[in-house]
Amino acid sequence: MRFVLLNSLVALALFSATAQAQTLEATSNIIVRALDRTIDFTSDTTTSIRDSKVVLAARDDAASFVASQGQIRGAQLEAAINAIRSQVPAAQNASDLVLAEAILAL
Amino acid sequence: MTWPRAWLLALALLASACSHAELRLALADTALSASERQASLQLLQEALDALPPHFKQQLDQRISVRWRNLPAEVYGRAGRLRGIELNAALLPALSDGSSATEQTSRAHGSVRRELLATVLHELTHLYDRARLWPLAQKQLQHQCRQRQQSLGAVGLPEHCRGQTARRFTLSDDPLLLDLAGWPQYVGRRGAREQNNHQVARSPDSYELSNPREFVAVNMEYFLLDPSYACRRPLLARYLSEHFAWSPANPQPCADGLAYLNAGRDFARQPLGSIDAQRVYQVDYLLAEANDVLASRWGHSMLRLVICAPGRPLGPDCRLDLQEHLVLSYRAFVGDVQLSSWDGLTGAYPSRLFVLPLAQVVEEYTKVELRSLASVPLKLERSQLEQLVTRAVEQHWSYDGDYWFLSNNCAVETLKLLRSGSQHPRLQALDSIMPNGLLDSLVARNLADRSVLDDDAEALRLGYRFDSFRDRYQAMFGVLQTQLPIEQAQVEDWLNLPAAQREPWFAQADLRTSAALLLLEQAALRRQLLLAQDELKRRYLSGRDGADPTLNQAGGALQQILANSGFLSRPAELLESGYGLPQRAEWQRLEAESQARQRQLRQLSDNLDQEVRTLLEPARLAELQATESNLTQLGQHLRALHKAAGGLQLP
């Protein structure tokens, strides 16, 4: 059987009942974010390596690496070191620790 | 003499052409005028022309078609004995040609297109009921029924699930049911869910009534809409494979799969695009459990390892972290408090979010102090790309119910893996706990957990993201060796007032300052959580109007909650079209999502301003003192680095 009329009104009513909602995690995050003044957002289209997302995201990893003398080496630091080495000629021969310190001092 | 003979011969040839297995439509035309007959025959011929050759060969029947008086809301119906009946009320418009221009509010456009769709829809029902399985399918079903008789339901081999009581050509095929939105319940030997939750962006919600109608409705669009393969790629592929045929002149699809990024950065354009061919691997991403009720069993997600632009697919893509996306089924609440009763009884909608990896890593490892394991799935290239496509299909269409126990993130993720990859070893996998699902995937050789064997390497390459709980402990160890502090536990240090930690900064060297920096961040996060808790309690107790100071911030919070729903239900942004959005819809989607995002940004700026004024003065002072400590440490670090002649990044 094929009908002329849609059941769309029923479906629509179902939609709107749940449309006004948000996740549990997001709710908390909205409040934490509103309270937190230290989060800064970075642009996707930056030319300088010190402002790049991949480097800024690595700051906590860089701090852990420097403080633990290389024992804690997270993926975000690894990604940032790769990016710096491939884009900054002066950094190609610098050690991991030197680069981690440079990220930490941004 | 020779002329009649030739005529007879011609007739016989026609008959023999027809007798070799082909569908015939016989119009009951006794009461029709010449123009009505002609228009009807033309309609039926068009329907036959639109059908795949395999369909017509297999449905080797003579089916009668008649116009009848039917209820006004019915276009047509079909039965094994009565054939196809069309609503006679629509015949005049068909025969005078006006039906070709008369528009309906439905997706096919004109009344004539709707009539054509009706014939195809009803023919599909007949095809579906005729049990026209390919030979290999018949053999499989026969074999499975025998196994069922000898071994019973418990001992049935995996590939026999759903094959022992088949009644329809298409609409009870396990794969079709997975794609259509009637997935298996977990742990019930393949029994199917009763309700279809793929409700958003449906071309015709009649398809949701049952699998038979789903197949019939989708055949209409498969055969008549050139954009069907772009909008419902996996169903189009399924039908094309079944019929070994694709409709002529398909529309070219939009580049990439549109999705809405639910990241919390309200300043960026949320509309993004995924190119399945740029996804190197898909990981099962598991957040370790903790003691909070909602996360007691961990959380299951999928991580798309997307390669940076210009990088060839390969292991190097694993570190393109800023490109990676996380697919996460999350429960929704429209309120700041999660009720466990509502969660257990399925009151929360469950939706598929797309989030940036960096945000997920931060939320779990730094805010919730839980570690993440990211284990690559062993999938063939085609399975992987189908899985990505399926995920985006679900992102646009799915609106489920969240049940902590029976339909939690692990179950949702398993359903996505099963319907997306169509991997045979996933068909009979039943697991309802996130960690249990990983074990099952590993046991079936579907996931490679060996990447976690070497702890340091796993951390370096992003197979594991460690909880900052461990890091804070390690940092405190550094502090203890470098500075003569009295505190014996990291908690004691973090519990000190900010003003008592600050005097230590000046004597710290670079290494110690790095440790102090992380610990100061831990102190700040702790203050933020305490402040949040305080606000939640005040907000919940004061919501009935007793506490007017909360109204402004509460209003902003409520509005953010209300307005950010669109990020998880992108279908709200578009009124037209169905399935995956195509080029024509992209512009509207872009404008609409940007406008909503601007509004959110405004609201969150308002909240930023108001929320701090609500804190207790002592809490606010401690928060500000910790922030000032962080600024100082940053300056101290830069000064040390500069004095030592360290490398400056350009």
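**B:Arg131**

I began with B:Arg131, which counts as partly exposed because 13 C-beta neighbours lie inside 10 Å. The scale I used calls a residue buried if 20 or more other C-beta atoms lie within 10 Å of its own, exposed if 12 or fewer, and partly exposed in between, with C-beta atoms placed from the backbone. I found B:Arg131 in the loop between helix H5 (111-129) and helix H6 (135-151) of chain B. Helices here are DSSP runs of H or I with at least four residues, strands are runs of E with at least two, and both are numbered from the N terminus. Phi of B:Arg131 is near 55°, a positive value in a residue other than glycine.

A note on the source: this is a predicted model, where local features need pLDDT of at least 70, side-chain atom pairs count only at pLDDT 80 or more, and totals for chains, interfaces and linings use all residues. Residues are numbered from 1 along each chain as its sequence is written, while chains are lettered from A and ligands numbered from 1 in the order in which they are written.

**B:Leu369**

I then looked up B:Leu369, which has a positive phi of about 55° although it is not a glycine. B:Leu369 sits in the loop between helix H12 (357-367) and strand S11 (372-376) of chain B. With 17 other C-beta atoms within 10 Å, B:Leu369 is partly exposed.

**Chain B as a whole**

I noted 23 helices and 13 strands in chain B. Of its 650 residues, 44% are buried.

**Domains**

The assignment for chain B gives domain 1 (25-131 + 167-253), domain 2 (258-466) and domain 3 (469-643); such bounds come from an automatic or database domain assignment. The centres of domain 1 and domain 2 of chain B, taken over C-alpha atoms, are 36 Å apart. Their contact takes 14 residues from domain 1 of chain B and 19 residues from domain 2 of chain B, where contact means C-beta atoms, placed from the backbone, within 7 Å. Which element gives the largest share of the domain 1 side? I found H7(B) there, with 4 residues.

**Strand S8(B)**

Is strand S8 (residues 299-306) of chain B mostly covered or uncovered? I found it mostly covered, with 8 of its 8 residues buried. On one face, B:His299, B:Met301, B:Arg303 and B:Val305 are buried, and on the other B:Ser300, B:Leu302, B:Leu304 and B:Ile306. Strand S7 (residues 279-287) of chain B pairs with S8(B) in the antiparallel sense over 8 bridges; pairing requires that DSSP finds at least two bridges. B:Asp283 stands opposite B:Arg303 in S8(B).

**The core**

I traced the largest nonpolar core, which has 175 residues. Such a core is a set of buried Ala, Val, Leu, Ile, Met, Phe, Trp, Tyr and Cys residues joined through C-beta atoms within 7 Å. A:Ala80 and B:Leu519 have the most contacts inside this core. Helix H20 (residues 510-542) of chain B gives the most to the core, with 12 residues. Leaving out residues up to four places away in sequence, B:Leu519 touches B:Tyr472, B:Met475, B:Phe476, B:Leu479, B:Trp493 and B:Leu494.

**Helix H23(B)**

My last entry is helix H23 (residues 617-643) of chain B, whose 27 residues should span 39 Å at 1.5 Å a residue; the end C-alpha atoms are 39 Å apart, which agrees. The expected span is 1.5 Å times one less than the number of residues. Among the buried residues in H23(B) are B:Leu633, B:Leu637 and B:Leu640. B:Gly645 follows H23(B) and has a positive phi, near 70°.

Notes:
Two residues are in contact if their C-beta atoms, placed from the backbone, lie within 7 Å.
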